[in-house]
Amino acid sequence: MKSIFAKSKHRVLCAAAVLMAAIGTEAKAAETSYPLTLSNCGRQVTFQKAPERAVSIGQSSTEILYLLGVQDRMVGTAVWIGPVIKGYEEVNAKVERLADNDPSFESVVAKKPDLVTAQFQWHVGPEGIVATPEQLEELRIPVYTSPADCLGKDNTDGGDGVRHSVFTMDLIYQEITELAQIFNVQDRGEKLVTELKAREDAAKRKIASADGKLSAVFWFSSAELDIDPYVAGKNGAPGYIMRSLGIKNVIDSEEEWPTVGWETIAKSGPTLIVAGQMERRRFPADDVAVKHKFLKSDPVTSLMPAVKDGHVVEMDAQAMNPTIRTIEGIEVLAEAVEKSGLNK
């Protein structure tokens, strides 16, 4: 009996090994077949091979490329709002920063890139201040733009644009998947998407009991403190963060970042104020400390329950844009609600 059991056990283990090997084979993503043609922001973009000299214009796109592990194929970055994602400080230090904000066309072309990625059409788009896709393509430089900035969004009037369809993380997952395909690192792309989805689900579960009880306003910045602030419209990344957690956005606008008066915001009575934190200093209110001081001293905002009760949440401004950091924004807000006890 012992011999029969041993043989049976051996067969089971062998079968299990074969099954696991088969599963592993099925799970491995297919290799990219070049030339690869993708539809991107209304254009067809073709790649003859995996890029070897990429320039990334926009912090989120840069961080996605770092997370995909292709930093050794990057020769320049630009447009930074804050510090690089944690854990990638050394990686980022090895890639040349062409500009903290908007790079020049000449600085981008000088790197002889075989790919330019753009987070915003504001920089590379039909009216791009750095270049149009056609200008770069004339030099045989393909352009890939984040789907989050063009699908369901109208950027024709410049500025931050108008988002007619609600943003979802599916647009970021599409960017991750397509960039992974372009660089032929599909396995890394699939793993990253799976990890982000798991983080989002965990954050939702943390404060599921708060669904429908709370409201909020997201304050990105203000051009001047004595004028209306830039707050989040209903269809952008902050709208997605709030919907994911069952929190009402008190701002009902399709504009990405409309300006709304504090008197109007105060009348809507948000439970929470989410204040953008960034290293950028284009406007006075970019500094989150300035935001806190204003909220406590202004005659209108100082009387708001969210301010009086200390329900002002700091959030990395990158999470407030449609970026890979939006998941971080969900986690930050869920944790703040849980710690405050507002979900009870």
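How many Å separate the centres of domain 1 and domain 2, taken over C-alpha atoms? The answer is 27 Å. Welcome to this predicted model, whose protein chain is divided into domain 1 (36-195) and domain 2 (209-340).

**The interface between the domains**

- On the contact count, 30 residues of domain 1 meet 22 residues of domain 2.
- The size of an interface is often given as the accessible area lost when the parts come together.
- Here, domain 1 and domain 2 bury about 2,100 Å² between them, and carbon and sulfur atoms give 57% of that area.
- Three residues stand out on the domain 1 side: Ile81, Arg163 and Phe167 supply 31% of the area that domain 1 buries against domain 2, more than any other three residues.
- Polar contacts between the two domains come to 11 residue pairs, counting pairs with both residues at pLDDT 80 or more.
- Which elements give two or more residues to the side of domain 1 that touches domain 2? They are helix 2 (59-67), strand 9 (162-163) and helix 6 (170-182).
- Helix 2 provides the largest share of that side, with 5 residues.
- Sorted by class, the side of domain 1 that touches domain 2 holds 16 nonpolar, 9 polar and 5 charged residues.

**Salt bridges across the interface and elsewhere**

- The rule finds 14 salt bridges by its count, and 2 salt bridges across the interface of domain 1 and domain 2.
- Glutamate 63 and arginine 325 form a salt bridge through their side chains, with 2.7 Å between the closest N and O atoms.
- Glutamate 63 sits in helix 2, while arginine 325 is in the loop between helix 12 (317-320) and helix 13 (326-340), so this pair ties together parts that are 262 residues apart in sequence.
- Are the two partners buried or exposed? Glutamate 63 counts as buried because its relative accessibility is 0%, and arginine 325 is buried too, with a relative accessible area of 4%.
- Arginine 199 and glutamate 331 make another salt bridge, at 2.7 Å from N to O.
- Salt bridges with shared partners join Glu63, Asp316 and Arg325 into one network.
- Glutamate 52 and lysine 49 form a salt bridge as well, their closest N and O atoms being 3.9 Å apart.
- Glutamate 52 is partly exposed at 48% relative accessible area, and lysine 49 is partly exposed at 49%.

**Arginine 280**

- Where does arginine 280 lie? Its place is the loop between strand 13 (272-277) and helix 10 (288-297).
- Arginine 280 counts as buried because its relative accessibility is 16%, which falls under the 20% cut-off.
- The side chains of arginine 280 and aspartate 286 are joined by a polar contact of 3.0 Å.
- Beyond its neighbours within four places in sequence, arginine 280 is in contact with Ile81, Asn101, Phe220, Ser221 and Asp286.

**Asparagine 321**

- Asparagine 321 is found in the loop between helix 12 and helix 13, the loop that also holds arginine 325.
- With 7% relative accessibility, asparagine 321 counts as buried.
- Setting aside neighbours within four places in sequence, asparagine 321 is in contact with Ile81, Phe120, Phe220, Ala237, Trp257 and Thr326.
- Ile81 and Phe220 are therefore among the contacts of both asparagine 321 and arginine 280.

**Leucine 171**

- Leucine 171 belongs to helix 6, one of the elements on the side of domain 1 that touches domain 2.
- At 12% relative accessibility, leucine 171 counts as buried.
- Not counting residues up to four places away in sequence, leucine 171 touches Pro147, Ala148 and Leu151.
- Leucine 171 and lysine 153 are 18 residues apart in sequence, and their C-alpha atoms are 12 Å apart in space.

Notes:
Residues are numbered from 1 along each chain as its sequence is written. This is a predicted model: local features need pLDDT of at least 70, side-chain atom pairs count only at pLDDT 80 or more; totals for chains, interfaces and linings use all residues. Side-chain values use heavy atoms; hydrogens and water are left out. Domain bounds come from an automatic or database domain assignment. Contact means heavy atoms within 4.5 Å. Buried area is the accessible area (1.4 Å probe) that two parts lose on being put together, summed over both. A salt bridge is a side-chain nitrogen of Lys or Arg within 4 Å of a carboxyl oxygen of Asp or Glu. A polar contact is a pair of N or O atoms within 3.5 Å; within protein, one must be able to donate a hydrogen and the other to accept it, and residues adjacent in sequence count only if both atoms are side-chain atoms. Helices (H or I, at least four residues) and strands (E, at least two) are DSSP runs, numbered from the N terminus. Ala, Val, Leu, Ile, Met, Phe, Trp, Tyr, Cys and Pro count as nonpolar, Asp, Glu, Lys and Arg as charged, and the others, Gly among them, as polar. Buried means under 20% relative accessible area, exposed over 50%, partly exposed in between (1.4 Å probe, protein chains only).
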